[in-house]
Amino acid sequence: MAGGDRGSSEAEAELRRGFETLAVSRPDPSAMVYEIRLNRPAQRNALSPAAFAEIPRAMALLDRLPSARAVVLSAAGPHFCSGIELGGPGNPLAADSKGADPAAAAEGLRRKILEMQAALTALEQCRKPVIAAVHGACVGGGVDIVAACDIRYCSRDATFVVKEVDMAIVADLGTLQRLPRIIGYGNAAELALTGRKITAMEAKEMGLVSRVFNSKEELDAGVAKIAKEITEKSAWAVMGTKAVLLRSRDVTVEQGLEHVATWNAAMLRSNDLKEAIRAFLEKRKPVFSKL
């Protein structure tokens with residue numbers, strides 16, 4: 001078996017073994033779209049230590065899987081995510097450092113925070129586009145999650161709140177770094193400093209979400225359609241666009257242009273580009289290469 005085929009089979013087998021806090025599936029076998037569903041509805045999908053371990057594992061597996069060209073991130077139950085689970089085992093905020101050296105305790109907490117940050121950054125680092133489908137409450141760590149996604153949609157009942165300031169902590173999993181780039185510094189500062197809850201329509205006005213659907217059912221159907229449309233494009237072009245967007249976000253315009261020039265120096269030689277041109281001239285739908 002070729003190395004790529006073996007890696008794909010291993011990823012599929014690992015996904016079939018399942019997860020404790022997530023449900024990963026391919027809802028439509030005809031579409032190259034996988035869904036990751038936060039799956040602790042009784043706990044309002046609070047982020048437990050297990051969730052922080054499983055999110056990057058699921059993203060790494062889907063990144064390796066050729067049949068996954070887009071990922072939808074959704075949630076089970078009436079709410080998207082209530083934030084980090086408080087009071088549970090493994091909660092770094094409840095860690096008992098009694099008797100420990102203060103420097104050692106601080107370094108231990110720092111390491112835990114960095115691990116949690118990396119877990120959510122895995123959404124951003126996945127080569128495939130990740131689309132958030134938000135319904136109900138999206139609180140604290142839930143906002144960290146959606147801010148790390150590439151595209152965000154929500155249902156009309158969705159609400160968003162950066163809750164950390166009300167818990168006497170500084171948001172530290174990505175909201176303060178990513179949100180200003182999505183909704184602007186002023187809007188991000190207002191939400192982070194006041195802890196104010198915003199509605200779906202306010203989120204749309206700010207640019208946090210691209211579209212508001214009337215119901216959870218319409219949200220699921222609409223996002224599935226959008227994700228499928230993305231997967232029908234050249235996978236190399238989609239993954240390249242995501243990579244260049246992320247790189248350009250963090251550098252100057254000049255550096256971003258240099259990066260995309262280097263990228264396209266290789267990618268403009270792809271078979272997908274030749275096929276796209278032929279299909280355009282022949283007035284037909286292109287058939288792009290597999291991953």
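**Close-up 1. R44 in the loop between β2 and α2**. In this predicted model, R44 is a loop residue, placed between β2 and α2. Setting aside residues up to four places away in sequence, R44 touches H79, F80, C81 and S82. R44 and C138 are 94 residues apart along the chain, yet their C-alpha atoms are 9.7 Å apart in space.

**Close-up 2. N45, a non-glycine residue with positive phi**. N45 belongs to the loop that runs between β2 (33-38) and α2 (49-64). Its phi is positive, about 55°, although N45 is not a glycine. Is N45 buried or exposed? With a relative accessible area of 2%, N45 is buried.

**Close-up 3. K283, positive phi in the segment after α11**. K283 is a residue other than glycine, and its phi is positive, near 55°. The relative accessible area of K283 is 76%, so this residue is exposed.

**Close-up 4. The aromatic pair Y153 and F213**. The count of aromatic pairs comes to 1. The ring centres of Y153 and F213 lie 6.1 Å apart and the planes meet at 65°, which makes the pair edge-to-face because planes over 60 degrees apart count that way. Y153 is part of strand β6 (residues 151-155) and F213 is part of strand β9 (residues 211-213), so the pair ties together parts that are 60 residues apart in sequence. Y153 is buried, at 9% relative accessible area. F213 also counts as buried, with a relative accessibility of 4%.

**Close-up 5. The buried residues of helix α6**. Helix α6 spans residues 185-194. Which of its residues are buried? A188, A189, L191 and A192 are. The cover over these buried residues includes α5 (175-183), β8 (198-199) and α7 (200-206). Just after α6 comes G195, with a positive phi of about 70°.

**Close-up 6. Helices α9 and α10 packed against each other**. A packed pair of helices is described by the angle between the axes and the distance between them. For α9 (residues 235-249) and α10 (residues 253-267), the axes come within 9 Å and cross at roughly 160°. Angles over 145 degrees count as roughly antiparallel, so α9 and α10 are roughly antiparallel to each other. Their crossing is right-handed. On the α9 side, the contact is made by W236, G240, A243, V244, R247 and S248. On the α10 side, G256, H259, V260, W263 and M267 take part. Sorted by type, the residues of this contact come to 6 nonpolar, 4 polar and 1 charged.

How values were computed: Residues numbered from 1 in each chain as written. Predicted model: local features only at pLDDT ≥ 70, side-chain atom pairs only at ≥ 80, totals over all residues. Heavy atoms only, no water. Phe/Tyr/Trp six-rings, centres within 6.5 Å; stacked < 30°, edge-to-face > 60°. Helix = DSSP H or I, 4+ residues; strand = E, 2+ residues; numbered from the N terminus. Buried < 20%, exposed > 50% of the residue type's maximum accessible area, 1.4 Å probe, protein only. Axes fitted to C-alpha atoms, helices over the stretch in contact; angles between N-to-C directions. Parallel < 35°, antiparallel > 145°, perpendicular 65-115°, else oblique. Left-handed = near helix turned anticlockwise from the far one by under 90°. Contact = heavy atoms within 4.5 Å. Nonpolar A, V, L, I, M, F, W, Y, C, P; charged D, E, K, R; others polar.
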